[in-house]
Amino acid sequence: MEFLKYLILHGIFALVVVVALMSMCAYAVLAERKISSWIQNRVGPNRTQLPFLAYIPVVGVMLQRIGFSQPAADGLKFLFKEDVTPGHVKKFYYVLAPVLSLIAALLTCTVLPFGSYWVTDANNKLVEYPIVLANLDIGLLFILAISSLGVYGLVLAGWASNSKYPFLGGIRASAQLISYELAMGVALLPVFLWSSHPGEVSALNLYDIVQSQQGLWLLIWQPVTALIFLVCIFAETNRLPFDMAESETDLVGGFHTEYGSFKFGFFFIAEYAHMIVGSAVFVVLFLGGWNFLPYIPAPWPHNWVGSILTIAWFLAKVFFFVFFFIWIRWTLPRFRYDQVMKLGWNVLLPLAVANFVAYLVFFALFPNA
Amino acid sequence: MAKVLERKPLTFWERTYLPQILGGLKITFFNMFRRSETLEYPEQRPQLPKAYRGAPTLVKDPEGREKCVSCQLCEFVCPPKAIRITPGAIPFDAPTAHVEKAPKEFDINMLRCIYCGLCEEVCPEEAIWLQDVYSISGTSRGQLIHNKAKLYELGGTRPDQHRKWDKKLAAEKAQAEGGHH
């Protein structure tokens, strides 16, 4: 009975998180279109309107102008378009690829803490717990492992499509992701060093990393680490300027050239889920998670209102980062393929190693810092 | 002698590209607050220049008389042969009977028209004008052949500076009354 209750409660919790993430993805697409249009002095989507929203006097018009109903229209379009499967594809893998890439994108959010709640324990003391689907001790390792699984979706799509452009896109995607995975892994080592204290065992728990940033955020402590990780996230999510896998300009659509309707929608959602989860990981690691501001204790009370505010504060940081992703997209031109490789292997990897060694020496000299 | 440009070596920060990226971010950020250049088309229309060459139309003079006398010059000059005119006579009892001819049918095939404006240029009566009509659509080929009624509907009336036929009528009357010309 106890087990069943646990199962149902956690099932509902998981469902809520996934639904929230999916709707954030839908609205990230809208944000992408809107912010892109603002940066280019355009208007962006402003025609879609749900019938019942049109009757609200002033707000209805405002919602239409910001394209509030656009995600619904986009989603329905993916659902109702004819699902064409080209004759020359390897069918099983062709269908498997988009599913795989969405699974990898959604799995990473299971270990992400996105807020905290407080419980009075037996000794009448307030104890803080993270709001997270699964508070793994190896949370960060789990994220690194799962997010690198995302490349399988892309490679499989490129290979199963059985035509030239997707194949090239798949090859580029695998080369790029593997190169930047390396730099990302090495870049994160100083974070473990920082959040672990002498004599303690676990430092990979994301909640502990957030707790260790109640003073200065890691962004201020380790700017180089943050910069390398940021560049690697851009590469890992296949966002411009690193859109080698898609390369709309030279590979038609890259790995998803042969995909249409809902299967393409899967890739699309996966890309944005990657972006949001990547932003969330960056916020957890370097922007202090839901901690208010460096050295300023949180102004919210230690009860359920505070819990909601921690989530809101965390999401505000994440949304800023999603905005930053889009902002960068319209600021930097795309890299050429060899430039991507050069940046990954010749610049970021040596820099990450040097950064790691520097912090290693620092922590060896000052173990109590 | 070739001028050798002296290039300063890049500083450390310039070689990291980071200040340049920050500068670019600044530019794109402030671009977001600029007025959008978009014209929201069906509601907002572009300001057309005065001599805009849109679809050819037939016009009437301020008295409502149709100016075309079906001389067929436009039909002959039209490079893609988009115009087809069937001439007709003006009945003797009409007030403008002295003009003698008017088109019975006047078709312009908008699928063939190339908007060159030669018809307007060649017309001795200033009856055909390329006006500011630019969004022409139809659901069949037949709808895109503008007939006489449609052409007059699009054309409307235009001010007439010459009053050519009024002067001719006056001259004829004067002659009939025994004057000299």
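Predicted model: local features only at pLDDT ≥ 70, side-chain atom pairs only at ≥ 80, totals over all residues.
**Domains of chain A**

Taken over C-alpha atoms, the centres of domain 1 and domain 2 of chain A are 22 Å apart. The bounds I worked with are those of the domain assignment, which gives domain 1 as 1-72 and domain 2 as 81-365. I then looked up who takes part in the contact, and found 15 residues from domain 1 of chain A and 12 residues from domain 2 of chain A. What is the side of domain 1 that touches domain 2 made of? I noted 13 nonpolar residues, one polar and one charged on that side.

**The cores**

Next I went to the largest nonpolar core, which has 89 residues. The members with the most contacts inside this core are A:L112, A:A183, A:C232, A:A273 and A:I276. Which helix gives the largest share of this core? My note says helix α10 of chain A (residues 261-286), with 16 residues. The core also draws on both domains of chain A, with at least three residues from each of domain 1 (1-72) and domain 2 (81-365). A reminder to myself on the background: nonpolar side chains in soluble globular proteins tend to be buried together.

Setting aside residues up to four places away in sequence, A:L112 touches A:V132, A:L206, A:V277, A:A280, A:V281 and A:V284. There is also a second, separate core of 22 residues, and B:A55, B:C78, B:A82 and B:I83 are among its members.

**Helices α5 and α6 of chain A**

I checked the pairing of helix α5 (residues 139-160) with helix α6 (residues 164-195), both of chain A. Their axes come within 7 Å and cross at roughly 170 degrees. Are the two helices parallel or antiparallel? With an angle over 145 degrees counting as roughly antiparallel, α5(A) and α6(A) are therefore roughly antiparallel to each other.

I listed the contact residues as well. On α5(A) they include A:L140, A:L144, A:S148, A:V151 and A:W159. On α6(A) they include A:P166, A:F167, A:G169, A:I171, A:L177 and A:E181. By class, the residues of this contact divide into 13 nonpolar, six polar and one charged.

**Helices α9 and α10 of chain A**

I moved on to helix α9 (residues 223-236) of chain A and its pairing with α10(A). Here the axes come within 10 Å, and the crossing is again at roughly 170 degrees. That makes this pair roughly antiparallel too. From α9(A), the residues A:A226, A:F229, A:L230, A:I233 and A:E236 meet A:G278, A:F282 and A:F286 in α10(A). I sorted the residues of this contact into six nonpolar, one polar and one charged.

I looked up A:V58, whose place is in helix α2 (residues 57-65) of chain A. Is A:V58 buried or exposed? It has 7 C-beta neighbours inside 10 Å and therefore counts as exposed.

**Where chain A meets chain B**

I turned to the contact of the two chains, which takes nine residues from chain A and 12 residues from chain B. The side of chain A that touches chain B divides into six nonpolar residues, two polar and one charged.

**Chain B, residue by residue**

B:P87 has its place in strand β2 (residues 83-89) of chain B. I counted 16 other C-beta atoms within 10 Å, so B:P87 is partly exposed. How far is B:P87 from B:S70, C-alpha to C-alpha? The two are separated by 5.4 Å, although they are 17 residues apart along the chain. Leaving aside neighbours within four places in sequence, I found B:P87 in contact with B:S70, B:Q72, B:K101, B:P103 and B:K104.

I finished with the backbone angles of two loop residues. B:K81 is not a glycine, yet its phi is positive at about 55 degrees. B:K81 is found in the loop between α3 (73-77) and β2 of chain B, and it counts as exposed with 10 C-beta neighbours inside 10 Å. B:E100, also a residue other than glycine, has a positive phi near 75 degrees. I placed B:E100 in the loop between β2 and β3 (101-109) of chain B. B:E100 is exposed, with 11 other C-beta atoms within 10 Å.

Methods. Residues numbered from 1 in each chain as written. Chains lettered and ligands numbered in written order. Axes fitted to C-alpha atoms, helices over the stretch in contact; angles between N-to-C directions. Helix = DSSP H or I, 4+ residues; strand = E, 2+ residues; numbered from the N terminus. Parallel < 35°, antiparallel > 145°, perpendicular 65-115°, else oblique. Contact = placed C-beta atoms within 7 Å. Nonpolar A, V, L, I, M, F, W, Y, C, P; charged D, E, K, R; others polar. Core = buried A, V, L, I, M, F, W, Y, C linked by C-beta atoms within 7 Å. Buried ≥ 20, exposed ≤ 12 C-beta atoms within 10 Å, placed from the backbone. Domains from an automatic or database assignment.
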